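Here is a short report for a reader meeting this protein chain for the first time. Look over the sequence and the model, then read on.

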Amino acid sequence: YYSMPQGAWIKTLAKNSPAEDAGLAEGDVIVGIGDITILGDATLRKARASIEPGKSAVLTFWRDGQYYETEIFRPEEE
């Protein structure tokens, strides 16, 4: 669709969020977290929940026609 991979498209990004801290930007498409392939919002929620509080996971995303990897950290719950 529009030459973009299937995944979760980032429409807006919250300031100081784990996604912003990981270097993601509006318009990026998240395609994987850890060993979970992101197919949309439901699998994104499942993948985020699979990261234990205080731990991190490798996140794969697509930007401007290329795939990148970064590390995303899930903060400790308060």
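Thr70 has a relative accessible area of 19%, so Thr70 is buried. Buried means under 20% relative accessible area, exposed means over 50%, and partly exposed lies in between (1.4 Å probe, protein chains only). Thr70 sits in strand β5, residues 66–73. Helices (H or I, at least four residues) and strands (E, at least two) are DSSP runs, numbered from the N terminus.

A polar atom of the Thr70 side chain lies 2.7 Å from the backbone oxygen of Ala22. A polar contact is a pair of N or O atoms within 3.5 Å; within protein, one must be able to donate a hydrogen and the other to accept it, and residues adjacent in sequence count only if both atoms are side-chain atoms. Setting aside neighbours within four places in sequence, Thr70 is in contact with Ala22, Ala57, Val58, Leu59 and Phe61. Contact means heavy atoms within 4.5 Å.

## About the model

This is a predicted model, in which local features need pLDDT of at least 70, side-chain atom pairs count only at pLDDT 80 or more, and totals for chains, interfaces and linings use all residues. Residues are numbered from 1 along each chain as its sequence is written, and side-chain values use heavy atoms, with hydrogens and water left out.

## The chain as a whole

The chain has two helices and five strands. From the N terminus on, the elements run β-α-β-β-α-β-β. Along the principal axes, the C-alpha atoms fill a box of roughly 40 × 25 × 20 Å. A compact globule of 78 residues would have a radius of gyration near 12 Å, and the chain agrees, with 12 Å. That radius is taken over C-alpha atoms; the globule rule is 2.2 Å times the number of residues to the power 0.38.

Of the 78 residues, 35% are buried. The chain exposes about 5500 Å², and carbon and sulfur atoms supply 49% of that area. Accessible areas come from the Shrake-Rupley method with a 1.4 Å probe; for residues, only the protein chains shown count as cover. Among contacts with a separation of 6 or more, 41% are between residues 24 or more positions apart.

## Salt bridges

Side chains of opposite charge can pair when their charged atoms come close. A salt bridge is a side-chain nitrogen of Lys or Arg within 4 Å of a carboxyl oxygen of Asp or Glu. How many salt bridges does this rule give? The count is two.

Arg63 forms a salt bridge with Asp28, and the closest N and O atoms are 2.7 Å apart. This pair links distant parts of the chain: Arg63 is in strand β4 (residues 56–63), while Asp28 is in the loop between α1 and β2 (29–33), 35 residues apart. Arg63 is partly exposed at 25% relative accessible area. Asp28 is buried, at 2%.

Lys15 forms a salt bridge with Glu20, with 3.9 Å between the closest N and O atoms. Lys15 has a relative accessible area of 68%, so Lys15 is exposed. Glu20 is partly exposed at 27% relative accessibility.

## An aromatic pair

Rings of Phe, Tyr and Trp (its six-membered ring) pair if their centres lie within 6.5 Å; planes under 30 degrees apart count as stacked, over 60 as edge-to-face and the rest as tilted. This rule gives one aromatic pair. Phe61 and Tyr68 form that pair, which is stacked: 5.5 Å centre to centre, with 25 degrees between the planes. Phe61 is buried, at 5% relative accessibility. Tyr68 is partly exposed, at 33%.

Ser17 lies in the loop between β1 (8–9) and α1 (18–21). Is Ser17 buried or exposed? At 12% relative accessibility, Ser17 is buried. A polar atom of the Ser17 side chain lies 2.8 Å from the backbone oxygen of Ala14. Ser17 and Pro75 are 58 residues apart in sequence, and their C-alpha atoms are 9.7 Å apart in space.

Glu52 is in the loop between α2 (41–50) and β4. Glu52 has 54% relative accessibility, so Glu52 counts as exposed. Between the C-alpha atoms of Glu52 and Pro75 there are 8.7 Å, with the two residues 23 apart along the chain.
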